[in-house]
Amino acid sequence: TSFSLLQTVNEAYKVQQLQGDKLSAYESLYHATLGGAKALDLDDKLGNFTVGKEADFVVFNLKATTLQQLRQSRAKSIKDSLFALF
């Protein structure tokens with residue numbers, strides 16, 4: 001429903017919750033990167049940082065907004081940081 005991978009992951013998490021399942025932050029990151037590339041049969045070209053693949057990445061400022069600063073300040077792990085970002 002969106003061109004934003006972050007928004008799509010957010011919606012996927014909600015759908016999984018409504019179905020009684022869990023979608024971890026790590027699994028979400030996989031689906032938004034290499035998993036998505038595999039689904040599109042592009043994993044030979046993008047999806048991770050393997051040498052020779054095309055550049056397909058963004059850099060996130062985890063403290064870009066006041067709300068993100070608050071959420072990130074309470075994160076105790078990378079998993080928590082990813083979850084707050086999504």
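**Packing of helix 4 and helix 5**

In this predicted model, the axes of helix 4 (residues 66–73) and helix 5 (residues 78–85) come within 9 Å and cross at roughly 155°, where axes are lines fitted to C-alpha atoms, for helices over the stretch in contact, and angles run from 0 to 180 degrees between N-to-C directions. Helix 4 is therefore roughly antiparallel to helix 5, a term for angles over 145 degrees, while those under 35 count as roughly parallel, 65 to 115 as roughly perpendicular and the rest as oblique. Helices are DSSP runs (H or I, at least four residues), numbered from the N terminus.

Residues are numbered from 1 along each chain as its sequence is written. Local features need pLDDT of at least 70 and side-chain atom pairs count only at pLDDT 80 or more, while totals for chains, interfaces and linings use all residues, and side-chain values use heavy atoms, with hydrogens and water left out.

Between the two helices, Gln68, Arg71 and Gln72 of helix 4 meet Ser81, Phe83, Ala84 and Leu85 of helix 5, contact being defined as heavy atoms within 4.5 Å. By class, this contact has three nonpolar, three polar and one charged residues. Gln68, found in helix 4, is buried, with a relative accessible area of 17%, where buried means under 20%, exposed over 50% and partly exposed in between (1.4 Å probe, protein chains only). Apart from its neighbours within four places in sequence, Gln68 is in contact with Leu62, Ala84 and Leu85.

Within helix 5, Ser81, Leu82, Ala84 and Leu85 are buried. These residues cover an arc of only 165° around the axis, so they lie on the same side of helix 5, the arc being that of the directions from the helix axis to the C-beta atoms. The buried residues of helix 5 pack against helix 1 (5–18), helix 2 and helix 4. Ile78, which also lies in helix 5, is by contrast exposed, with a relative accessible area of 62%; its C-alpha atom is separated by 17 Å from that of Ala64, 14 residues apart along the chain.

In helix 2 (residues 25–32) lies Ser28, which is buried, with a relative accessible area of 3%. Leaving aside neighbours within four places in sequence, Ser28 is in contact with Val9, Leu23 and Phe86.

Conventions
Ala, Val, Leu, Ile, Met, Phe, Trp, Tyr, Cys and Pro count as nonpolar, Asp, Glu, Lys and Arg as charged, and the others, Gly among them, as polar.
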